[in-house]
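Work through the exercises below with the sequence and coordinates open. Each task is followed by a worked solution.

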Amino acid sequence: MNRKDQQGGAIGRSGALDNRVAVLHFLNLRGDPKQDYFPDGLSAEVRAELARKSALEVTAQTSSSAFKHRA
């Protein structure tokens, strides 16, 4: 069972704050490799916006890119 810390974040069994998020890549549904820039850019933009929130810890792009071709 999780409990809350003084700032309102959930504390898991390890005692660490559970305010971590990973942004996975969006899929290019068109199938055109020339259009890969759009879902890549969208993922980067979402990651950047979330990283501006001091309450969140956002994983690096290299960590989430391992899942890029798993669908």
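The exercises concern a predicted model and go from the whole chain to single residues.

**Exercise 1. Describe the fold of the protein chain and how much of the chain is buried.**

Solution. Begin with the elements: the protein chain contains 2 helices and 4 strands. Then turn to burial: 14% of the 71 residues count as buried. For the surface, the protein chain exposes about 5,900 Å², with 54% supplied by carbon and sulfur atoms. Finally, take the contacts between residues at least 6 apart in sequence; 34% of these join residues at least 24 apart.

**Exercise 2. Locate Arg47 and find which side chain of opposite charge is nearest.**

Solution. Arg47 sits in helix α1, which spans residues 37-51. Arg47 is buried. As for what Arg47 does touch, leaving out residues up to four places away in sequence, the list is Val23, Val58, Thr59, Ala60, Gln61 and Ser64.

**Exercise 3. Identify which residues make the nonpolar surface patch, and classify Leu42 as buried, partly exposed or exposed.**

Solution. The patch covers about 500 Å² and is made by Phe26, Tyr37, Phe38, Leu42 and Val46. Of these, take Leu42, which lies in helix α1. Its relative accessibility is 34%. Buried means under 20% and exposed over 50%, so Leu42 counts as partly exposed at its 34%.

Definitions and conventions. Residues numbered from 1 in each chain as written. Predicted model: local features only at pLDDT ≥ 70, side-chain atom pairs only at ≥ 80, totals over all residues. Heavy atoms only, no water. Buried < 20%, exposed > 50% of the residue type's maximum accessible area, 1.4 Å probe, protein only. Contact = heavy atoms within 4.5 Å. Areas by Shrake-Rupley, 256 points an atom, 1.4 Å probe, with all protein chains shown as cover. Lys, Arg positive; Asp, Glu negative; His and termini not counted. Salt bridge = Lys/Arg side-chain N within 4 Å of Asp/Glu carboxyl O. Patch = residues over 30% accessible without salt bridge, like charges linked within 9 Å, V, L, I, M, F, W, Y side chains within 5 Å.
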